[in-house]
Amino acid sequence: MLEKIQETANFLLAKMPIRPKTGIILGTGLGNLVTQMDIEMEIPYETIPNFPVSTVEGHKGKLILGKLGGVEVLAMQGRFHFYEGYDMKAVTFPVRVMNALGIRNLLVSNAAGGMHPDFEIGDLMIITDHINLFPEHPLRGKNFDELGPRFPDMSEAYCKDFIAKAKQIAERNHIKVVEGVYVGTSGPTFETPAEYRYFRAIGGDAVGMSTVPEVIVANHAGMKCFGISIITDLGVPGKIVEVTHEEVQKIGDSVQPLMTLIMKELVKGI
Ligand code: HPA
């Protein structure tokens, strides 16, 4: 694994005209942030050695290197989901590579179902913490001390300083944000009403099928993380209706400019 990471990092380093400290992973249909970037270079996943290839509709699948708000960033347009069939080492491989490229901050976005009774469709939720319910752990197996400790601390998986800054940015720009705990589950089914109730009962405010593996690996590597969910549907008793991928994308589309603004201002302040 170490060699693969290094091989991929070397391939990218040889091409990269800049050395960003911040990486961004854009979730389902949330690639519009790149329209706000001054793009230096786009690298399709299929041209990158050892990179898995993204398959889901709405995922473009490329690395985008450039500046956001004048700050150098490396954005992943499209991520790898466990439900697509990738194992957790593949899902989190790009984060390992980011770390090998010298990236120290990781910003992630996703679409999620809201379970907090006060949440509304279209809300932006700043992730304060997560609950990992994936059936496979990205750090299971031999630990490579070069990559991080055997038993990583997760007491501040989402950087408190980044959260405080994002809240200030939202307030300054009159953007409504909520905060909450993200439950990461494998999918690809959306939840039954009983599952939403269960995830709520164990302390979740929103549920989705991504983010947790990447944030675990980023924490293992000592990177600072920030996550934001777009609430695209509600898993709140009495408000549960049919959920479709199309609806999730439509809501995601309409709210992404606000999320982009928060991300853009945040990268300037970290
Ligand atoms: N559940 C799981 N993943 C999701 C949801 C949901 O309700 N909405 C968007 N992604």
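View 1. β5 (105–114), β8 (206–208) and β9 (224–234) each give at least two residues to the shell around the ligand. Strands here are DSSP runs of E, at least two residues, and helices are runs of H or I, at least four, numbered from the N terminus. β5 supplies the largest share, three residues. This is a predicted model: local features need pLDDT of at least 70, side-chain atom pairs need pLDDT 80 or more, and totals for chains, interfaces and linings use all residues. Residues are numbered from 1 along each chain as its sequence is written, and side-chain values use heavy atoms, without hydrogens and water.

**View 2. The shell around the ligand.** Among the surrounding residues are F190, Y196, M209 and V248. A residue counts as near if one of its heavy atoms lies within 4 Å. The shell has seven nonpolar, three polar and two charged residues.

View 3. A nitrogen atom of the ligand lies 2.5 Å from a side-chain N or O atom of E191. A backbone N or O atom of A111 is 3.3 Å from a ligand nitrogen atom. A polar side-chain atom of D233 sits 2.6 Å from a ligand oxygen atom. The protein covers 96% of the 260 Å² of accessible area that the ligand has on its own (Shrake-Rupley method, 1.4 Å probe).

**View 4. The largest cavity.** About 90 Å³ of space lies here; a volume is the space filled by probe spheres set on the grid points. A cavity is a set of points on a 1 Å grid over the protein atoms alone where a 1.4 Å probe fits but cannot get out, and lining residues have an atom within 4 Å of a point. Helix α2 (residues 88–100) gives the largest share of the lining, three residues. The lining includes M1, R96, F144 and H220.

Technical notes. A polar contact is a pair of N or O atoms within 3.5 Å; within protein, one must be able to donate a hydrogen and the other to accept it, and residues adjacent in sequence count only if both atoms are side-chain atoms. Ala, Val, Leu, Ile, Met, Phe, Trp, Tyr, Cys and Pro count as nonpolar, Asp, Glu, Lys and Arg as charged, and the others, Gly among them, as polar. On a 1 Å grid over the protein atoms alone, a cavity is a set of points where a 1.4 Å probe fits but cannot get out, and a pocket is an open set with protein on both sides within 12 Å along at least five of seven lines; lining residues have an atom within 4 Å of a point.
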